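Open the structure in a viewer and keep the selection tool at hand. The tour goes from one selection to the next.

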Amino acid sequence: MNQDSDVWAEYQGQNRIITNLKMYVQSAMILEKPLDHTLIYGQSGMGKTTLAKLIAKVMKVKIHILNGTSLQKPSDIISVLTTLKPNEIIFIDEVHAISTQVSEILYPVIDEGKISLIIGQEYNSKNIQITLPPFTLITATTELDQLASPFLNRFPIYLCLDDYGCEEIGTIIAGYAQTINLPLNLMMATYLGGYARKTPRIALNLTKRINDFYLTGKIKNLNNQENLKQILHQMGLYEQGLTSDDLKYLQVLTSSSPLGLENIMQRLNIPWKIIKSMIEPYLIGEGYVIRTNKGRMITAKGEAFIKKVE
């Protein structure tokens with residue numbers, strides 16, 4: 001196994017994407033040019049930033065990591081672009097949050113490798129162009145629908161991250177448990193993975209919390225399913241990774257359905273942003289809740305879950 005293969009092996013899961021990405025990267029390296037500009041789409045915690053760092057590691061180039069929420073003025077992105085060296089990578093996470101002004105700067109950057117700047121004001125103004133060294137722009141988003149089509153179409157490589165299965169998450173947990181000396185076997189790691197909402201970041205954070213219980217002696221036999229289940233319930237976690245807030249949401253719909261978001265927010269006393277970004281996407285995606293013209297309704301699967309945990 002060569003060194004590059006060892007590096008790719010650091011990334012768990014997403015086999016289809018990794019297989020294709022290896023080919024794109026190898027082709028770019030044969031041609032001695034940067035990887036084509038790349039857009040990565042996936043939910044929060046799925047490994048988008050890790051994937052960008054992995055590409056930089058394989059290609060042995062520097063990566064500049066930025067966040068879309070911090071890119072609101074043209075100078076925010078220009079300062080990075082003008083310090084680039086050949087073949088480096090700029091990674092913009094949550095790219096949907098960049099301002100219109102910044103996106104207008106990026107259009108000629110992506111198309112022509114140039115920054116187009118207006119110097120001066122009114123009749124004294126003039127347009128100058130700065131040619132950039134060849135580089136790769138990697139962007140990532142959790143909200144693909146917030147990106148304009150002309151922006152999306154400018155990325156030759158589009159990677160849509162697949163959902164992780166329990167076994168993949170279990171492998172991630174088992175590997176991380178070894179690094180922190182947590183004696184968790186693969187079977188129990190896979191069981192624990194069922195509580196991680198198919199998300200690597202949640203899986204790693206959950207493993208850290210289990211380690212807290214282990215180090216403080218609150219749980220001694222980690223390889224007993226009932227012991228783990230008790231700890232998980234104590235943490236407010238249920239099967240399929242549903243949380244106590246998810247449970248409350250479903251209980252509200254059980255008592256009165258359909259309900260609009262405003263009604264749900266008032267009954268739960270949880271900000272609508274939390275409901276829309278952290279609670280509803282998973283419950284709807286997993287079939288516990290459906291959206292209708294009249295509001296949110298609990299499904300038979302949601303009702304069965306309520307009966308099981310109550």
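Start with Lys198, which is partly exposed at 29% relative accessibility; buried means under 20% relative accessible area, exposed over 50%, and partly exposed in between (1.4 Å probe, protein chains only). This is a predicted model, in which local features need pLDDT of at least 70 and side-chain atom pairs count only at pLDDT 80 or more, while totals for chains, interfaces and linings use all residues. Residues are numbered from 1 along each chain as its sequence is written, and side-chain values use heavy atoms, leaving out hydrogens and water.

Next, select Arg197 and Asp246, a salt bridge whose closest N and O atoms are 2.6 Å apart. Arg197 is buried at 12% relative accessible area, and Asp246 is buried at 1%.

Then go to Arg291 and Glu280, whose side chains form a salt bridge at 3.9 Å, N to O. Arg291 is exposed at 52% relative accessibility, whereas Glu280 is buried at 0%. Shared partners join Glu280, Arg291 and Arg296 into one network of salt bridges.

Finish with Thr139. Is this residue buried or exposed? Thr139 is buried, with a relative accessible area of 0%. Beyond its neighbours within four places in sequence, its contacts (heavy atoms within 4.5 Å) include Thr38, Phe91 and Phe155.

Notes. A salt bridge is a side-chain nitrogen of Lys or Arg within 4 Å of a carboxyl oxygen of Asp or Glu.
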